[in-house]
Amino acid sequence: MEVTMSIYTDLNIRPVINATATLTKLGGSLMPAEVREAMEEASRAFIQLDELQIKVSEKLAELTGNEAAYVATGAAAGLALTTAVCLTGGDREKALLIPDREAMHAAGMKDEVLVFKSHRNGYDYSVRMTGAKIVDVGSELHSEPADLENAISERTAAFMWFQGGMTGKGDFSLEKVIEICTAHGVPVLVDAAAQVPPVENLRRYTEMGATAAIFSGGKDLHGPQSTGLVVGRKWIIEAMRAIGSPNQGFARAMKVSKENMVGLLAAVKRYVGLDHEAKRDRDERVVAQWCADFDGLAGARAERIFPNEAGQPLPRLLLHIDPASGTNGEAVAARLLAGEPSIAVAAAPDGIYVNPWLLTDEEVAIVGRRVAEELGRRSRE
Ligand SMILES: *Cc1c(COP(=O)(O)O)cnc(C)c1O
């Protein structure tokens, strides 16, 4: 980590070594040189912004193996904009009625979005901010095809599927959702914000028949933090362009800059060309080494966890800390964060998760040393 940088220290902010995940609160991910350079270059000339969006998204579609693509200001904005398109069909006049649900209804617009009740989460605000009403499908624990069939009406604008830790165990499959919705002419949108790796997911949902899938540019894609990648059918992408920024109205508050467009393109170009297997092997070696180093240290038990809670192929270390030892995961995590250098790890119910995912080799060594120190200290306490 380039901790010698003064831009943060001048603000009296300590950079953090991130052994958690691509957490938005910690800055998402770090942009590699090719992304930074593309953005720097883009910042030097004026262009037609709508033309740039078209040209960049054509390349993004090609790189990801999709019909069409779009650069949004984050996945959350991508959810809002794809929802807005399902309400309006990309009609600019109708888009000006958003988020007035009464006016939308009076204009004959569809104004309901279906979501599995078990999927409801903080990001569903992106759907609600369009004025659309979320209609829950099924219960928190269970849903079946009849629940979806019964929920579809002439007011149904879309189905929003959330993929991640919130994806319910008692729900039926996305394949089935797509089958039913497609039969009723209802678009299916997939929030896949944190679903790479694996890289194949960039086309997996749309290949399954989803109308659009939305990824965060600022997580593992390592693009600008304020970008989102939407991939999907031509019609929905074209409608996004029709009502999207720089047009005034709903999407104007989600302006996408030229630097962000070009930065996301550079990031995706890099990402699809990466040796993902080699990266995973490296992370596996780190976790195996940590397991060997920490297991039994001060009574801690080290365990490799795979895949992660969202089902992604990312290995992590779970260090179980014996409550009889007088400390716990939260206390150790707090001490690592307050220490020098500051290290962020996630507290587990009975210990800490340590994740090699975003660490340089140098940081792997630092984290290993600090964790061992904390465990050693604990045994002396
Ligand atoms: C991170 C995340 C988002 C938001 O993505 P941004 O790119 O930060 O806007 C939305 N949905 C899920 C499931 C996420 O994990």
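Colleague: Is Gly218 buried or exposed, and what is the relative accessible area of this residue?

Modeller: A residue is called buried under 20% relative accessible area, exposed over 50% and partly exposed in between, with a 1.4 Å probe and protein chains only. Gly218 is buried, at 2%. The model is predicted: local features need pLDDT of at least 70 and side-chain atom pairs pLDDT 80 or more, whereas totals for chains, interfaces and linings use all residues. Residues are numbered from 1 along each chain as its sequence is written, and side-chain values use heavy atoms, without hydrogens or water.

Colleague: Where in the fold does Gly218 lie?

Modeller: Helices (H or I, at least four residues) and strands (E, at least two) are DSSP runs numbered from the N terminus. Gly218 belongs to the loop between strand S7 (212-216) and strand S8 (228-232). Its C-alpha atom is 8.2 Å from that of Leu30, although 188 residues separate the two along the chain.

Colleague: Which backbone oxygens lie close to a polar side-chain atom of Ser29?

Modeller: A polar contact is a pair of N or O atoms within 3.5 Å; within protein, one must be able to donate a hydrogen and the other to accept it, and sequence neighbours count only if both atoms are side-chain atoms. For Ser29, the backbone oxygen of Gly218 is at 3.0 Å and that of Lys219 at 2.7 Å. Ser29 itself sits in the loop between strand S1 (16-18) and helix H2 (33-42), and counts as buried because its relative accessibility is 11%.

Colleague: Which residues surround the ligand?

Modeller: A residue is near a molecule if one of its heavy atoms lies within 4 Å of it. The residues around the ligand include Thr24, Tyr123, Met166, Asp191, Ser216 and Lys219. A polar side-chain atom of Asp191 is 2.6 Å from a ligand nitrogen. On the backbone side, an N or O atom of Ala75 lies 2.8 Å from a ligand oxygen, and a polar atom of Ala76 is 2.9 Å from an oxygen of the ligand. The protein covers 86% of the 380 Å² of accessible area that the ligand has on its own (Shrake-Rupley method, 1.4 Å probe).
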